[in-house]
Amino acid sequence: MTPATTHPAHHRNGLGIAYRMMAMVCMAGLGAIVKWTGQHGIPVFEIIFFRNAIAFVPLGIYIWRTAGISVLKTQRPLGHLHRSAVGLFGMICGFSALQHLALTQATAFTFAAPLFMTALSALMLKEFVGWHRWGAVVAGFIGVLIMVRPVRGQLNLVGVGFALAAALGSALATVQIRQIAVTEKGPTIVFYFTLAGTVAGLVGSAFHWVTPDGATLAVLILGGLIGGVGQLFLTEAIRVAPVGVVAPFDYSQLIWATILGYLIWGDLPHAATLTGAAVVAASGLYILHRELVRFRGAREPTEAPL
C-alpha cells in the first residue's frame, strides 16, 4: 500500500478522533452545567427541557446543511418512541446522579454502560457472548464495586443508584439504536430523541418550575448548546471513522470532568474512584477489542470463537 492511498484513511481517522475528543469535552462541560444549575435550585426536568430545546439550534443547522428536512421521515415511529423512553430514563437518572455525586465520580460510573450493553445484547438481541466478554463484564463490575466504596460513611446509595441506572439507560438506548439504525439515519434518531426530551422536560417542569435568574438562564442555554454540539460531534466521529478507532477516546471525558470538578468545586477524585474507573475502562476496552475480533471472525470462518 502506497503512502498516497493510506493518507486519506489516516486523515479521516484523525478527524474522527478529534471529533470524539471534542464530544467528550462537551459532555464533561454539560455535566458540570447540570450539576451547577441543580445546585442553584433548577429542577432536573427543567434542566432536561433547556438541554433539549436549545439543542435544536445546532441540530437544526446541521440537518439543514447536510441531509435536509427529508431526513425527518421515519419508518420506525415506535422504535423512536422506545429509544427515546430508555434514553430519557438514562438522562433523568444521570442528571439526578450529578446532584448527589462529585462530577468525576458521576462521570466514572457512566463507563459501566458497555458492561450493561454486552449483557443486554445477549438477552435482547440474542447475540452470542463468549467467555472473554463475560469475563470482562465481571471484571468491570468489580471495578464498579471499587468505585462504590461500600464502607460505612462513604457509601452514597442514592447517587450511586442513580448513576448505575443512568449507565443501564445508556446501554438500553444503544441497543435500541442498533435495532432501528437498519432503516433510520443518525440525524433522524437524534432529532426525535431531542424532540421527546423537550416534551418530557416541559411536561415534568409543569409540576415544578423555578424561574431562573439571568446568570442561571444563560448557563442553562449554554448547556443546551453544548449538549447539542456534543451530540453532533459524536455523530460526525462515527461517520468519518470506525467505532473501534474512536470509542476508546470516550474515557478522556474523565480527564475533563476532573479538571472542571477541581476548578469549579475544588474536588479531587478519590483514589478508589480512579482505581475503579481504570478497571472499568480496561474492561470496556477489552469488550470493544473482542467485538472487533468477532466482526472479523464473521468474515473469516477460521477465526477462533469467543
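Author: Gladly. Let us begin with a cut-off: a residue is called buried when its relative accessible area is under 20%, exposed when it is over 50%, and partly exposed in between. Please keep in mind that this is a predicted model.

With that cut-off, Phe191 is buried, because its relative accessible area is 18%. Tyr192 has a relative accessible area of 22%, so this residue is partly exposed. Phe191 and Tyr192 form an edge-to-face aromatic pair, with 5.1 Å from centre to centre and 90° between the planes.

A search of the whole structure gives eight aromatic pairs. Another of these joins Phe49 and Trp209: the ring centres are 6.4 Å apart and the planes stand at 70°, so this pair, too, is edge-to-face. It connects distant parts of the chain, since Phe49 belongs to helix H2 while Trp209 lies in the loop between helix H8 (186-205) and H9, 160 residues apart.

The axes of H2 (residues 44-65) and H9 (residues 214-240) come within 7 Å of each other and cross at roughly 50°. That angle is why H2 is described as oblique to H9. The crossing of H2 and H9 is right-handed. Sorted by class, the contact between H2 and H9 holds 14 nonpolar, six polar and two charged residues.

For the surroundings, let us turn to charged side chains. The count of salt bridges comes to one. This salt bridge is formed by the side chains of Asp250 and Arg20, at 2.5 Å from N to O. Like the pair of Phe49 and Trp209, it links distant parts of the chain: Asp250 is in the loop between helix H10 (243-246) and helix H11 (253-265), and Arg20 is in helix H1 (residues 3-39), 230 residues apart. Arg20 has 11% relative accessibility and so counts as buried, while Asp250, at 22%, is partly exposed.

Terms used
Residues are numbered from 1 along each chain as its sequence is written. This is a predicted model: local features need pLDDT of at least 70, side-chain atom pairs count only at pLDDT 80 or more; totals for chains, interfaces and linings use all residues. Side-chain values use heavy atoms; hydrogens and water are left out. Axes are lines fitted to C-alpha atoms, for helices over the stretch in contact, and angles run from 0 to 180 degrees between N-to-C directions. Helices (H or I, at least four residues) and strands (E, at least two) are DSSP runs, numbered from the N terminus. Angles under 35 degrees count as roughly parallel, over 145 as roughly antiparallel, 65 to 115 as roughly perpendicular and the rest as oblique. A crossing is left-handed if the near helix is turned anticlockwise from the far one by less than a right angle, and right-handed if clockwise. Ala, Val, Leu, Ile, Met, Phe, Trp, Tyr, Cys and Pro count as nonpolar, Asp, Glu, Lys and Arg as charged, and the others, Gly among them, as polar. A salt bridge is a side-chain nitrogen of Lys or Arg within 4 Å of a carboxyl oxygen of Asp or Glu. Buried means under 20% relative accessible area, exposed over 50%, partly exposed in between (1.4 Å probe, protein chains only). Rings of Phe, Tyr and Trp (its six-membered ring) pair if their centres lie within 6.5 Å; planes under 30 degrees apart count as stacked, over 60 as edge-to-face and the rest as tilted.
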